[in-house]
Amino acid sequence: MNAVLQPGLTLEPLGDSAVLAVLGDRIHPDLNTAALALADELDRQRLKGVLDIVPAYASVAIHYLPLRMEVPAEQSRRKVESWIKQTWSHLHWEAHRQPQPGAEDIWNQSILPVPVCYGGDFGPDIDHVAAHCGMSVDEVIARHSAPIYRVAMLGFQPGFPYLLGLDPRLETPRLASPRTRVAAGAVGIGGAQTGIYPLPSPGGWQLIGWSPLRLFDPQRHPATLLRAGSRLRFIPTAAEDIDTASQASR
Amino acid sequence: MSLEILKPGLLTSVQDLGRPNHRALGIAVGGAVDTFSLQVANALVGNEPHAAALEITLLGPRLRFTQDAVIALCGGRFEASLEDLALPMWRAMRVAAGSILDIGRSQRGARLYLAIAGGLNCPRILDSRATALDGSFGGWQGRALRAGDSLPLSECFSLGRHWPRQSIGLRLARWWANPAPALTLEPIAEIGLLPGHHLPEGNETLFDTEFQVDSRSNRMGLRLESETPIALANQPTLSEPVSIGTVQLPPEGKPIILLADAQTIGGYPRIGHIPSADHPRLAQLAPSDRLRFVPNTEAMALQRLQQLDRHLQRLQDAARDALRD
């Protein structure tokens, strides 16, 4: 395991009604753990007038209503900032660094199994990924389904997970020209990142498989299957087993 | 009681004040792009500020009311008529059952709000009736309106003495709302800019440049074009959360201002942020409209936001009093 990376807090206004708490400037599990722990703690002690607390790779945005913060408007940002600073100074984020595999983490979630049909029509780019990485398709599948991934953040689409944990040997550049339509459930690799599309959309990632899980369902509560901090594992699944697999993991 | 869509217009959708509490799940705020005009329209017909109304874009729809209704049109300046009678904006009016409302082209501005007393009665999904066009949920079947749609209306509140039943065709309220100075539609919009983390050093070019709104703009973002592309100082290394009003600068040097349907996280440099008080005016910028950035301070931005808020409250109070009489 890498040495502990010491995150430092800097605050950046995002206009007149949001503040970005930046803990670092790269993708690193420790920075993400710190960001998730900070977002969680801020959420636990919400200030009145705060609308949204949005964690990302190494930062947390706090969206608020400057006229509803119970102080004169010109003091609203200072109030939000001192709340963030105080919460950060009391936070023991290191305690959450290494959740034990199989155990529930601080977010009380177990590891979600995500059935994936790899290759074929489900993953039209898997041959290209295998060729690019100099390995067989079976090895791509084995390496992609080996790790326990963590959702670093949700964004791009409702419930779209940016995952930490991709085997660096699977890194493959994005498509030169993005597809105009990628199906919901498509599993792709884009550079050093991997993820699943919750909704049909244009997309530039290399598609290696497809999952029947509904990552986003606005009628369900909660609407997204995953949240920042959730952990998951991809389970290679034959197309004919997909119905039973999606039933079992629902 | 329903509202029938005879022609949908360019992009007409059900919108309210959106879903500002779900960004952690990657869900955009959505809702009306011009929340000021939506709220005034709602106030004029006696609705709560968050009631669902129609957002009409650039070219309006043709609609038929199956029952008497009290309506108001607020936002950009659009041609509007009820059977050959030109309709005023920023004013409540009662239309008779069977009337056909025609909204034409925008003369200035991009978005018009049609509020109907009682509000549009679409199901609430994730705390809002707004249409999420990209996610295909909310509003009317998660999509823009089409010819043949029939939208459910809520039961009308008591129409009051201003709206005698015997009236035929159209009856106008005796009062109207003045949107200025909160919403003005100038030939060249002067839009405030709060500095962003990636604002280039020596940013005079940014403030000296006249931008034109690109026709690829949509509810996610207002795309700007200029003769000289804006040069970047430094690139962010990571995708980070953004806000409505954030001005992003992609590598080609043409800024994009994020609007209501914007993604929650972005990877482009943030050169600035538009003060909240200017968001209604941003929402009204149409393709080929021109704008200029004017440097703002946070103190100015908040002062202007308070003025906007007071203006809206005064209009809401006045409308409430007028409807009570």
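Student: What makes up the secondary structure of chain A?

Tutor: In this predicted model, chain A has 5 helices and 13 strands.

Student: And why is chain A called as compact as a globular protein of that length?

Tutor: Set the value against the rule. For 250 residues the globule rule gives 18 Å, and the radius of gyration of chain A is 20 Å, which is close, so chain A is as compact as a globular protein of that length. Along its principal axes, the C-alpha trace spans about 60 × 40 × 35 Å.

Student: How much of chain A counts as buried?

Tutor: 56% of its 250 residues do. The cut-off for that word is a relative accessible area under 20%. The accessible surface of the chain comes to about 10900 Å², with 51% of that belonging to carbon and sulfur atoms.

Student: Let's do chain B. What is its secondary structure?

Tutor: Chain B comes to 4 helices and 19 strands.

Student: How do you know whether the radius of gyration of chain B agrees or disagrees with a compact globule?

Tutor: Same kind of check. A compact globule of 325 residues would have a radius near 20 Å, and chain B has 20 Å, so the value agrees. Its C-alpha trace spans about 65 × 35 × 35 Å along the principal axes, and 58% of its residues count as buried.

Student: Which share of the contacts in chain B comes from residues 24 or more positions apart?

Tutor: 75%, taking contacts with a separation of 6 or more. For chain A, the figure worked out in that way is 62%.

Student: How far apart are the mean positions of the positive and negative charges in chain B?

Tutor: They are 6 Å apart, for 32 positive and 33 negative charges. Chain A has 22 positive and 25 negative side chains, and the centres of those two sets lie 6 Å apart too.

Student: What makes you say that the two chains touch, in numbers of residues in contact?

Tutor: A contact needs heavy atoms within 4.5 Å. By that test, 36 residues of chain B are in contact with 45 residues of chain A. About 3200 Å² is buried between the chains, and carbon and sulfur atoms give 61% of that. On the chain B side, B:Leu25, B:Leu238 and B:Pro241 lose the most area to chain A, together 18% of what that side buries.

Student: Time for single residues. Why is B:Val95 called buried?

Tutor: The word needs a value under 20%. B:Val95 has 0% relative accessibility, so it counts as buried. You'll find B:Val95 in strand 7 of chain B, residues 91-95. B:Arg111 is 16 residues away from B:Val95 in sequence, and their C-alpha atoms are 22 Å apart.

Student: And why is B:Leu10 called exposed?

Tutor: Exposed starts over 50%. B:Leu10 has a relative accessible area of 55%, so it is exposed. B:Leu10 sits in the loop between strand 1 (2-7) and strand 2 (11-15) of chain B.

Student: What does B:Leu10 contact, leaving aside its neighbours within four places in sequence?

Tutor: B:Thr57, B:Leu58 and B:Leu59.

Student: What is the phi of B:Leu58?

Tutor: About 60°, a positive value, although B:Leu58 is not a glycine. Most residues other than glycine have a negative phi. B:Leu58 lies in the loop between strand 3 (53-57) and strand 4 (62-65) of chain B.

Student: Which phi does B:Asp127 have?

Tutor: A positive one of about 70°, and B:Asp127 is not a glycine. Its place is the loop between strand 8 (100-116) and strand 9 (150-152) of chain B. With a relative accessible area of 48%, B:Asp127 is partly exposed.

Student: What kind of peptide bond joins A:His221 and A:Pro222, cis or trans?

Tutor: Cis, with omega about -5°. Most peptide bonds are trans. A:Pro222 is in the loop between strand 12 (206-210) and strand 13 (231-236) of chain A.

Student: Which residues of chain B does a cis peptide bond join?

Tutor: B:Ala180 and B:Pro181, where omega is about 0°. B:Pro181 lies in the loop between strand 10 (170-176) and strand 11 (188-195).

Methods
Residues numbered from 1 in each chain as written. Chains lettered and ligands numbered in written order. Predicted model: local features only at pLDDT ≥ 70, side-chain atom pairs only at ≥ 80, totals over all residues. Heavy atoms only, no water. Helix = DSSP H or I, 4+ residues; strand = E, 2+ residues; numbered from the N terminus. Rg over C-alpha atoms; globule rule 2.2 N^0.38 Å. Buried < 20%, exposed > 50% of the residue type's maximum accessible area, 1.4 Å probe, protein only. Lys, Arg positive; Asp, Glu negative; His and termini not counted. Charge placed at Lys NZ, Arg CZ, Asp CG, Glu CD. Buried area = accessible area lost by both parts, 1.4 Å probe. Areas by Shrake-Rupley, 256 points an atom, 1.4 Å probe, with all protein chains shown as cover.
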